[in-house]
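Q: I have a two-chain model open. How do I read its features, one at a time?
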Amino acid sequence: MSNEKKIIILLAVFLVTGVSFLFYSENKQLNSTDGGWALYFENPKSTDLTFVIENRGKTKKIHWKELSGNPANTLREGDVVVSSEQKSIIPLSGADISKGEKITIEASDQSDGKKEIHKLLY
Amino acid sequence: MLEFIQSQISFYLTIALVLFAPGYFMLLAFFGKEKLSTLERFVITLGLSILVTDFLMLTMSRVGILYTRTSLILILLFFSASCFAIYKKRFKKSPETTKTSLFDFSFRQSSLIVLILFLAIFLRSAYLQNNLPSSSTDLGHHMYWSKLFAKTGKIQNYTQSEIVLKNGTYQIDAPKPISDFVIGEHLIFTAISLISGASFISAFPVSTLLLVNIFSLLAIFILSLRLFKDSAQNKNIAIFGLLFCGTLFVINPPQAKFIGGGVIGNILGNLLIPLTFYFYLRFLKEKESVFLFFALLFSMGLFYTHHLSGLIFLLTFIGFTLLALMFNFQETKQIIFSQKKLPRSPLLLSFVVFALAFVFIVYTPTYLTNSAVNTVVGTVKKVEHTGLSMFQFRNVLGEARFALGSFGLLLSFILLRKSIHRYSFLLMLSWISVIALISLVPDLVKLSIPSGRVANYGIYPFAIIGAFAFVSVFRRVPSQSKLLLPLGQKLTLGAFLLIFVFISLNGFSDNVTYLAKNDSAKRTIQTFNASEYLATRMDGSDSLASDHVYLFADSWVKLFFMRDYYFPSYRANFERYENGIDKQEFCTRDMISNPGGELGKKCYSDLGTNFVMVDKIMDGAQFQKLDNFWQVYSNDKINIYYRNK
């Protein structure tokens, strides 16, 4: 086999290795990067207060509170353990909330990461 | 893991079908196994396959064949099989591949080439893996169009809607043509995604660009060999050229940064320009119409792939012709007028018919129909078009490469009249002069093009001429020959090592700067997660405003919706609202920066925008104090607000 062909074969091997490495790295980044967790209302456009804690990182224990008014009163609270790549849906109804009230959902994990979402019910 | 392996096999088979088969079999049909060495055929195959795939897909769209996995596989297989049948008919005896001493590398030379290629791929991959998943703005924009073609099964007009004030009301204007994109930048990604099933939001676009970029280095390699074919040092020049553009300043544009950044046009252009020159050069030296046919085909392909690359090629070609007439009038005139049979060549006539039919019936590049040429030719207005200083130009090219290239230019100018390489020198002079003129003094040539982008084209000719200079100075010569440097052997070796160490340190230290880990993956994933949330909850009546200033990977958000190139609307970089050229409306700015202000409120109301996605730290505060904005989503980086009308 000529040296010219050997160069081409080795180049092909390097390229396949390099490209596979990029795909593998991306796969790994997507799976292993701590994507953190997100807090959101299941139905953003309605007055429904059902919310979701979605975990894209390691398993977390998250404490949540439903707050109302200023200064805030805690209406309901609870703990939820959310496994990696899982989500926990917490159903809450806004039916018993009086109109014009701002309802805040506050959630915090054990490492003090805190997030909140809110709706002002009309 | 099994899924990963399957997707990899599918990807490589697709690459073979889209980026190798059409070009390989077309070269076989035209050349058999003659005239091109194995390495030349291998390198040209990729560039030619890109063009053939583009032309086939444009024709499919014109005749109404939708892009699907099956239709694309069948068309590509049919084309390749037809070419193979022609090859079998034309070259019945199938001679062995032409063996030329030009490509007969020694063990040491081969080892060096392999080492350079290994380093080139390794350093690029090391940088790129830190930038996955892709987050770059340009790549996001490009992938929108590729995905749109895949989704609709045909090419679509490049249009964009903008916010305008009409009769006192802000509204989304009717779509207007945009000239920023050229069809050839997108079709290969459409084909690869449809056939392999790879998602546009994956490593496949970057991997494809890496492949193209590495082949562009090889294109420079084979071009250098042909440019200095008659020199005893041709292989050394080509190897050092490969080293200077392949492993030094690897991360800087137009190398890894352009791959990760998705500067598709430049990357494709940097492959096609050297291949185009390669075929012109072979025609010039060997006077065979088949080389001119491929030179013209590649020239045409350039204009269907990237307008800026096409322009650089065209100006270089014109410059080369003028310089050839100026410095070598008699010989050049003789070459031109000795080709009397050419206009009657069936091959060239068929090309002319093909090109005319293609431009006027199949597809006319949008920048021609949009009169985009008018925006490029004329007085330079934009700041980034006003030209670089020599210091900036040097930085773009890399200090060592600039120094060597400049010396090479000087040397070639001195040797011009007496050298057997005069046409090679003239091509280099023209190539570099065009790039330098547009980058440094655009007002002089009346071309308004991003100066930095043009300067990036310079690294390839600078690498070639720099390699020529380096090898000329340090070549081993027979004792009776005159040395370029009248130094003793030990002194020459010392100088060689000293300069080589300087070049390497200068080039590699720059690479190390960019290889550090970053948190781009985490930030990109946050944007993708938030986009997914919105895409599953918004319907056609909802509208979204986003932000380019602080949101990471924001240009990719539109791929989750595929509603319009301008959806979601976004706050652009602040200077674009202030320069009086780019942004004539302020809705996109105030809807994010000051949603409670008069203009912000009016824009929300007029445009019906009811969702906003912003960086929670930088822009969350102004929304939190407004009662009509519900904070409905929050992750580590992003908040989403719903505007309750």
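A: Start with strand 7 (residues 611-615) of chain B, which is mostly covered: five of its five residues are buried. Keep in mind that this is a predicted model.

Q: Which way do the residues of strand 7 of chain B point?

A: The general idea first. Side chains in a regular strand alternate between the two faces of the sheet. Here, F611(B), M613(B) and D615(B) point one way, while V612(B) and V614(B) point the other way. All of them are buried.

Q: Which strands does strand 7 of chain B pair with, and in what sense?

A: Take each neighbour in turn. Strand 5 (residues 544-547) of chain B runs parallel to strand 7 of chain B, with two bridges joining them. L544(B) has F611(B) as its bridge partner. Strand 9 (residues 638-643) of chain B runs antiparallel to strand 7 of chain B, and five bridges join that pair. There, M613(B) is partnered by I640(B).

Q: How do I check the length of a helix?

A: Helix 8 (residues 234-246) of chain B has 13 residues, which should span 18 Å at 1.5 Å a residue. Its end C-alpha atoms are 18 Å apart, so the two agree. Helix 19 (residues 422-440) of chain B has 19 residues and reaches 26 Å from first C-alpha to last, close to the expected 27 Å.

Q: What about chain B as a whole?

A: Compare its radius of gyration with the globule rule. A compact globule of 645 residues would have a radius near 26 Å; chain B has 26 Å, so it agrees. Its C-alpha atoms fill a box of roughly 90 × 60 × 55 Å along the principal axes. Chain B has 30 helices and nine strands. Of its 645 residues, 50% count as buried.

Q: How do I read the interface?

A: An interface's size is often given as accessible area lost when the parts come together.

Q: Which strands pair across the two chains?

A: Strand 1 (residues 37-41) of chain A and strand 8 of chain B pair in the antiparallel sense, over two bridges. Y40(A) has Y633(B) as its bridge partner.

Note on methods
Residues numbered from 1 in each chain as written. Chains lettered and ligands numbered in written order. Predicted model: local features only at pLDDT ≥ 70, side-chain atom pairs only at ≥ 80, totals over all residues. Pairing = 2+ DSSP bridges. Helix = DSSP H or I, 4+ residues; strand = E, 2+ residues; numbered from the N terminus. Expected span 1.5 Å × (residues − 1). Rg over C-alpha atoms; globule rule 2.2 N^0.38 Å. Buried ≥ 20, exposed ≤ 12 C-beta atoms within 10 Å, placed from the backbone.
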